[in-house]
Amino acid sequence: MTTVLVYCCCCKKKKEPENDKGSQKLQQIYFPSVKPDMKDPKMIQPGGSPLYTPPGSITPVQTPTGRIKAKGLLERRGSNASLTIDLNASPESGRWDGTPPKESTGVEYLMTAGHRLSRQDLKNAVRNNRALHQEFWEIFTNHPEKVSVAGSGMKNRYRSIIPNEHSRVILPDSEWDPLSSYINANYIRGYECEPHTYIATQGPMSHTIVDFWRMIWYEKSPIIVMITKLKENNNIKCENYLPEDNSSCTFGDIEVKVEKVKVKQGYTVRYLSLKCDGEIIHVLHYWYTAWPDHKPPQSAKMLLELVKDVENKRLKLQPSKGPVVVHCSAGIGRTGCFIAITVGMRQLKEEHSVDILGIVCHMRIDRGGTIQTHEQYEFIHQALCEYEKELAEPEQTTVNGFPGD
């Protein structure tokens, strides 16, 4: 007979003494900021460099420079949570009318974050790229969760990059096509939040070329800036939507003709005429091809020349003309860099300081995900630092023979 002995171990639970309610204290736990993990890249955007998504979250901090860091932004970056904008909100008061939007923390960050840099601060900032990368990763991306127009997914080049609803460009409806009003494009504010200064859009696809030219026609856009090649690394980035030089093509009801071509260093300018229903408008098309795939240009000088050329033409045509249309492939990376540098140059010229963080935040309110990588964010600083060298020193006012405060 086999005897099986079973041993049972019993653990006695110690009874903890009860604390008096009066003596019970709450413990405050502080979490340190988490730096980006540069060893584990995670691609979250098409056609761009690897984006490094740091884990954890960041607690609210008011820095000595006035830069505002918002809580919980990094943990939201992996999601597709949308930023809903209430058009009745008052920018002056900073208050929302009605129910606060979803992801209000992200809204508050994008509306209030800033890091004002003097000209000397800008020079110092480009020497500390790790700090710039960290600053970039704290910005709320504001990618919409889903398309607002049913069936419009076929008109988006990339599934994850769709226009934010409150600033979306809406084309005139057509009776035979209910989707004719949709185009993947957003209005972008300019210097001092000037409305409808730019339109950021994706590169046209084969079945959206007619939509693209309809947008140019109805918006009366005087300038198109194209910052991509048609094909990069054997991947189609944009469909060719231009006629051959000195020839014309008809897209829908709009006839487009290339009247003249000028080749400059790094980009080509085409003088176009658009004709529809007996009316003719003239459009300048700038095609910048010196931007390499998946990384910023090695030098900002050629891009600065393009920006200055486009801005000079735009200022001469305003306010009688419509917004400048800028596109690359997705309409957020190189497109965002071009617009941010343009606004930053104007800010440096007028104010002798620049708030690049604030510029990018305002752009992301208008079009989510604008500026795709920390390398692009760093390049914006480098380009503006290069432009700063061209500016004269600000004149000092004097009081009784002494420099004023």
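**Strand pairing, helix packing and the annotated loop**

In the predicted model, strand β7 (residues 223-226) and strand β14 (residues 324-327) run parallel and are joined by three bridges. Within this pair, I224 has V325 of β14 as its bridge partner. Strand β14 is also joined to strand β6 (residues 198-201), again in parallel, by four bridges. Here the bridge partner of T201 is H327 in β14. Strands of a sheet pair through backbone hydrogen bonds, in either a parallel or an antiparallel sense. Both faces of β14 are covered: V324 and V326 lie on one side, V325 and H327 lie on the other, and all four of these residues are buried.

These pairings belong to an open sheet of nine strands with mixed pairing. The order of the strands across the sheet is β4-β5-β6-β14-β7-β13-β12-β11-β10. Strands β4 (168-170) and β10 (248-251) each have a single partner strand and stand at the edges, so one side of each lacks a neighbour in the sheet. From one strand to the next, the twist averages 30°.

Antiparallel pairing is found between strand β11 (residues 254-264) and β12, which are joined by nine bridges. In this pair V263 stands opposite T268 of β12. The two strands form a hairpin with two residues between them, and G266 takes a positive phi near 95°. Strand β12 also pairs with strand β13 (residues 279-288), in the antiparallel sense and over 10 bridges. R270 stands opposite H285 of β13. The hairpin of β12 and β13 likewise has two residues between its strands, and D277 in the turn has a positive phi of about 55°. Strand β12 itself (residues 267-276) has eight buried residues out of 10, so this strand is largely enclosed by the rest of the structure.

The loop between β14 and α7 holds C328, which the unreviewed UniProt entry lists under "active site". With a relative accessibility of 3%, C328 counts as buried, because the value is under the 20% limit. Apart from neighbours within four places in sequence, C328 is in contact with T201, Q202, G203, I227, T228, K237, G333, R334 and T335. One of these, T201, is the residue whose bridge partner in β14 is H327.

S329 is placed in the loop between β14 and α7 as well. Its relative accessibility is 5%, so S329 also counts as buried. When residues up to four places away in sequence are not counted, S329 touches R157, Y158, Q202, G203, T228 and K237. Q202, G203, T228 and K237 are also among the contacts of C328.

On the α7 side, the contact is made by R334, C337, A340, I341, G344, M345, L348 and K349. On the α9 side, Q376, F379, I380, A383, L384, Y387 and E388 take part. By class, the contact has 10 nonpolar, two polar and three charged residues.

N124 is found in helix α3 (residues 119-125) and is partly exposed, with a relative accessible area of 36%. N124 and C385 are 261 residues apart in sequence, while their C-alpha atoms are 9.6 Å apart in space.

For the protein as a whole, there are nine helices and 17 strands. Of its 405 residues, 49% count as buried. Among contacts between residues at least 6 apart in sequence, 65% join residues at least 24 apart.

Methods. Residues numbered from 1 in each chain as written. Predicted model: local features only at pLDDT ≥ 70, side-chain atom pairs only at ≥ 80, totals over all residues. Heavy atoms only, no water. Pairing = 2+ DSSP bridges. Axes fitted to C-alpha atoms, helices over the stretch in contact; angles between N-to-C directions. Contact = heavy atoms within 4.5 Å. Nonpolar A, V, L, I, M, F, W, Y, C, P; charged D, E, K, R; others polar. UniProt positions renumbered as here; feature names shortened; annotations may be inferred. Buried < 20%, exposed > 50% of the residue type's maximum accessible area, 1.4 Å probe, protein only.
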